Every structure is written in C-alpha cells, then in structure tokens.
Amino acid sequence: MNVSYKRSKAASKALSYILLIGVLALFTGPLLWMLSTMLKTKAETYKYPPSLFPETVTFEAFERLFTLQPLMWQWIGNSVLISVLVALGTVVSSSLAAYGFARFDNRAKNGLFFIVLITLMIPASVMIVPSFVLYTKLGWIDTWLPLIVPAWLGGAYYIFLFRQFFMTIPRELDEATYLDGGGRFTVYSRIVMPLSKPIIITASIFAFVYSWLDFLGPFLYLKSSENYTLSVGLQFLIGQTSQDFPALAAGAFISILPIGVIYFFAQRYIVEGVVLTGSKG
Amino acid sequence: MISSKRLDGWKFLLFIAPWLIGFTIFFLLPFGTAVFYAFTDARLPGSTDFNFIGMSNFSTLMGDPIFGKSVANTIYFVLLGVPIVTTGMLLIALLLNLDVKGIALFRTFYYLPTLVPIVATVIIWRLVFNSEFGVLNGFLGLFGMGKVNWLGGAGMIKPVIILLQIWISGSGVLIFLAALKGVPSHLYEAALIDGASRIRRFFSITLPMISPSILFVLVIQTMYNFQMFTEAMLLSNGGPNYASYTYVFHIYKAAFTDLKFSMAMAQSIILFAMILAVTMFILKASNRFVYYEGEGRG
C-alpha cells in the first residue's frame with residue numbers, strides 16, 4: 001500500500017518534470033534556435049537536415065549585418081533615445097495626474113477618473129487611422145513627436161498604477177507638510193514621490209519596454225531610414241536580405257538584448273506591473 | 001480674493017492638466033474627426049476636398065468580398081483563437097504552479113518570449129518554421145515526416161499564428177499564476193479530507209476561485225484578437241490567398257495603400273462598435289460563471 005503510494009507519487013513527479021521541460025522547450029526552443037543560427041556560417045544554414053549546433057562558431061553574421069546596414073547603430077541609438085524619453089515623460093506626467101486623482105477632493109474628480117478608466121478599454125487599432133490624420137495635420141509625420149509627445153501627456157494605465165500606489169501613502173504626512181507651510185506641490189515632490197520608488201521603477205521599466213516593443217507606431221509614422229527605430233529597421237532589413245538567416249538572427253538578437261537584460265535584473269518589477277492591473281499592451 | 005476651495009480646484013486641474021490635454025488632443029479630437037470623415041469621401045489625411053456621402057462608405061463595405069474575407073478571418077481568430085490561447089495560458093499556469101524543486105527557473109523563462117519585439121519574433125518563427133531549412137521540419141523529419149509548408153500554405157497559417165500567440169502569452173499566464181496563488185489553501189485541505197479527486201478539486205475549487213481572472217483574460221484576449229494585425233502582416237502579409245488577412249489589415253490597406261481614408265474611418269468605427277458589443281456581451285454572460293468572493297454568485 002505504502003510502496004505503491006510512494007511509487008505513484010514519484011511517477012507524478014516525473015510526469016510533472018516531463019511536462020515542465022516540454023513547456024520550457026516550447027518557450028525557449030525558438031530563442032535557442034535563433035542563438036544557434038546567428039553563430040553559424042551562411043552556408044551551414046542551407047543544410048538539410050539542419051544542424052542543431054553550429055559546426056564552427058563564428059561572429060561573421062554580426063559583421064555582415066553592420067556592413068550591409070550601416071544604419072544599425074543609428075537605429076539602436078534612436079530606439080534607446082525614444083524609449084528613455086517615453087519612460088521619463090510617462091513617469092512625470094502620469095504621476096502628476098495620479099496625484100491629482102489620489103489627493104484632491106473635487107466634484108469633477110470621480111467623473112474624470114472614470115473617463116481615464118474607460119480610455120483603458122478603447123481598442124488601440126481603432127485610433128490608428130484617426131491619429132495618423134491628426135499627426136499629418138500637425139506636420140509630425142517622419143518625426144519622433146508622435147512616439148514621444150503622447151507619453152508626456154499622461155497614459156491611462158500608468159495614471160491608474162500611480163494612483164493605486166499613492167492611495168496607500170498615509171495622509172497624515174501631507175498634513176504635517178501643510179503645517180510646515182508646504183503646499184500641494186511640496187507634498188507631491190517631497191513626500192509622495194520619494195515614498196513611491198517601487199512604483200516609479202515599475203512604471204519606467206514598463207514604459208521603456210513597451211516603447212521598445214512598439215512596432216506599428218514607428219512603422220506608420222517614420223518615413224526616412226535614418227529616423228527608424230530598431231524594430232522598423234529590422235523589418236526593412238528582412239526585405240533587404242531575407243535569405244541571410246544568420247544576419248537576421250543576429251539582428252533579432254540585438255533587438256532582444258536590452259529587454260532581456262532588464263528582465264533578468266528587474267523581473268520582480270515586471271511581474272508586479274503585469275499582475276497589478278494585468279496589462280496587455 | 002479667490003476662496004481657498006476654489007484655488008484648490010484650479011490646482012487640481014493643473015495637476016491633471018497633462019492627461020486632460022493629452023486626452024483632448026490625442027483622443028477626443030481624432031475620434032471626433034473619425035466620426036465626421038466616415039460620412040465623407042476624403043481620400044487623403046487632412047484633405048479639404050471632400051463631399052458628404054452619407055452612409056455610402058458603409059454600404060460599399062458590405063458589398064466588398066475582400067472585406068467579407070477579413071471579417072471571416074477575424075471571427076476565426078476570435079471564436080477559435082481566443083478559447084485556445086486562453087486555455088493554453090491556463091494549462092501553462094497550472095503547470096508552473098506545481099510545487100516541485102526548481103520551479104522558479106521554469107517560471108523565469110516562459111515570460112521571455114513575451115518581451116521579444118514582434119519583428120524579432122517573426123524572424124525567429126521564420127527560422128523555425130522555414131519549410132526547407134527550419135528546425136521544426138528537420139525535427140519532424142527524424143520521425144519520417146515530409147516537409148510541411150507551414151507559412152506558405154493557406155490551411156496552416158492561421159493555426160501557426162495562434163501558436164505564436166501562445167508563445168507570447170506570458171502576461172496572461174502571469175495573471176493566472178497570481179490568481180492560482182490567491183486560492184486559499186484551506187479549501188484544498190478541506191476537499192482532501194472529503195476525499196475529492198484532483199480533477200474534482202480543480203473544477204469545484206480552482207476554477208470558480210480564479211473565474212474573475214479568467215473573465216479578465218478572456219475580455220483582453222478577445223479585444224486583442226479582434227485587432228489581430230501586426231503578426232499577420234509581418235509573418236505572411238495577409239496571405240497566402242488572404243488566409244491571414246484580418247479586419248484591421250483591411251483598415252490598414254484602405255488607409256495606406258488604397259488611399260481611402262474616409263473608408264478606413266468608417267471601418268474603424270464599425271470595429272469599435274463590434275468590440276464594444278462583444279465585450280458587453282461577455283461581461284453580461286459572465287454573471288453566470290464568475291464567482292466573486294464575499295458576494296456569493298454575482
């Protein structure tokens with residue numbers, strides 16, 4: 001009896017690991033295949049059946065990538081700059097608005113906050129064409145302005161994120177500041193923000209990552225190749241050299257690298273941000 | 001002299017000014033313009049040379065066979081794709097919720113594909129699914145299977161895109177995982193004492209307890225699949241033979257290749273109405289299956 005119980009327990013444990021390894025293979029297999037491909041010679045990628053590991057490890061693919069597409073560095077720089085500016089703007093503008101919604105007693109407040117929540121539910125693709133018309137009229141096409149300026153004007157998801165966090169900071173601290181002669185802005189800058197470091201980190205990581213991942217915006221708004229972000233540049237590259245598998249894999253690897261590094265160092269913040277409101281782009 | 005209450009009201013507006021300005025310029029204004037243009041024949045963004053044509057954009061759409069195809073494909077991704085992807089997320093979350101050694105390591109990796117830029121994802125999938133040199137056909141070849149034309153066959157492309165969605169479904173898995181952790185363990189203990197089987201425990205405890213998260217993921221995934229576009233454009237450019245040509249693809253084509261902006265606006269408005277209606281329907285129907293703690297059956 002006891003032996004068979006133990007045996008079935010061991011069997012279910014083995015089954016668990018088999019399933020887990022199967023899922024791990026599904027999730028990381030394609031990424032490993034990318035790594036393997038980018039380290040191969042071009043000739044080796046035309047073999048059938050394909051070799052799982054490169055016969056000789058070579059970094060030729062990266063050399064080819066950067067000679068074929070000298071703008072690669074420019075694109076990487078553009079993406080970094082845009083994503084940093086988006087993260088900065090998101091934190092500044094959304095925290096200000098969130099502070100308004102968390103701390104003021106105003107008749108219009110609840111109604112306006114309800115609108116913030118509603119805009120969270122507006123499907124993004126409905127706005128693609130109308131926004132394009134607006135940016136055309138503003139003369140913003142082929143500039144980075146459509147990618148950056150909206151981030152400096154508050155995002156519904158981030159306002160919600162900040163507000164939820166601000167609500168947990170006790171108001172007694174505000175009162176003490178008022179007694180010392182401080183105003184609303186002093187409370188925001190000296191009390192609330194310094195106490196909100198975790199949510200500031202989460203919000204800036206999210207804003208950076210989502211800006212980095214954004215494809216459709218840059219793809220529609222940027223026209224000249226020197227303005228491209230890395231994603232749009234890679235798409236351009238696919239059209240240029242669709243049969244150079246190692247170079248394409250190398251390009252994909254470069255576009256994943258910054259986010260991969262952020263993920264491994266700040267996994268906790270990313271997980272929290274997703275769970276908090278269940279963001280999905 | 002302004003009263004302090006009044007002054008505080010102005011300060012409130014000052015704090016929320018960034019959002020108020022952003023909402024007005026980048027949402028209200030374009031949305032209003034869209035509704036206006038949908039009833040005109042404007043061909044270019046910002047053109048002033050147009051006529052009001054009433055509902056003709058809408059009636060033209062109904063007679064467009066390509067539009068019909070785009071709707072049919074989108075319905076496929078919503079009706080078939082959403083349940084498959086959501087079930088996939090739940091199964092993966094259940095697996096990652098197992099209490100075995102080293103589980104943290106497994107949990108770290110499943111989220112990585114979700115953070116891969118979509119163009120890189122498509123490059124990777126083309127490498128894996130390439131019919132001549134891809135690793136998948138190479139692997140299947142070991143079992144004596146012939147080469148499958150994954151991306152070039154009209155019958156295969158939609159399932160491949162749904163599989164891709166599961167590959168990047170980390171956020172949904174994360175939400176389910178958090179919900180599973182939130183189920184009070186005393187419920188399972190009580191069920192164990194009553195001798196409930198594993199399957200019974202899943203259907204009588206786990207599923208009802210995480211039903212709010214299921215609803216949430218279902219709504220988000222439905223909205224997402226209604227808007228399926230980037231994956232289909234990059235992976236197969238809507239083809240082969242319109243097999244992955246979706247509703248939003250048709251909007252994109254009307255606006256940016258056919259230069260029929262007013263038509264694209266009309267389509268955007270229909271999409272908005274459809275998503276709104278379906279979301280409302282799901283929320284309404286959810287009363288039957290979602291369990292909210294402390295309220296009994298909602």
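In this predicted model, the side chains of Arg268(A) and Glu272(A) meet in a salt bridge, at 4.0 Å from N to O. A salt bridge here is a side-chain nitrogen of Lys or Arg within 4 Å of a carboxyl oxygen of Asp or Glu. Because Arg268(A) and Glu272(A) are four residues apart in helix α13 of chain A, about one helical turn separates them. An α-helix has 3.6 residues a turn, so residues three or four places apart point the same way. Helices are DSSP runs of H or I with at least four residues, strands are runs of E with at least two, and both are numbered from the N terminus. Arg268(A) is exposed, at a relative accessible area of 53%, while Glu272(A) is partly exposed, at 36%. Buried means under 20% relative accessible area, exposed over 50%, and partly exposed in between, with a 1.4 Å probe and protein chains only.

Salt bridges that share partners join Glu60(A), Arg64(A) and Asp244(A) into one network. Within it, Arg64(A) pairs with Asp244(A), and the closest N and O atoms are 2.8 Å apart. This pair links distant parts of the chain, 180 residues apart: Arg64(A) is in helix α2 (residues 60-68) of chain A, and Asp244(A) is in the loop between α12 (230-240) and α13 (245-277) of chain A. Arg64(A) is partly exposed, with a relative accessible area of 23%, whereas Asp244(A) is buried, at 5%.

Another salt bridge joins Asp174(A) and Arg103(A), with the closest N and O atoms 2.6 Å apart. Asp174(A) sits in helix α8 (residues 172-179) of chain A and Arg103(A) in helix α3 (residues 72-103) of chain A, 71 residues apart. Asp174(A) is buried, at 3% relative accessibility, and Arg103(A) is buried with a relative accessible area of 3%. Over all chains, the count comes to six salt bridges.

One salt bridge is counted between chain A and chain B. The side chains of Arg184(A) and Asp8(B) form a salt bridge, at 2.6 Å from N to O. The contact between the chains, meaning heavy atoms within 4.5 Å, takes 89 residues from chain A and 88 residues from chain B. About 8000 Å² is buried between the two chains, and carbon and sulfur atoms give 82% of that area. Buried area is the accessible area (1.4 Å probe) that two parts lose on being put together, summed over both.

On the chain B side, Asn130(B) lies in the loop between α5 (118-129) and α6 (135-142) of chain B. Asn130(B) is buried, with a relative accessible area of 18%. Leaving aside neighbours within four places in sequence, Asn130(B) is in contact with Phe245(A), Trp125(B) and Asn137(B). Helix α13 (residues 247-256) of chain B is largely enclosed by the rest of the structure, because eight of its ten residues are buried. Among them are Tyr247(B), Phe249(B) and His250(B).

The mean pLDDT of chain A is 89, and 96% of its residues reach 70 or more. pLDDT is the predictor's confidence in each residue, from 0 to 100.

Residues are numbered from 1 along each chain as its sequence is written, and chains are lettered from A and ligands numbered from 1 in the order in which they are written. Local features need pLDDT of at least 70 and side-chain atom pairs count only at pLDDT 80 or more, while totals for chains, interfaces and linings use all residues; side-chain values use heavy atoms, with hydrogens and water left out.
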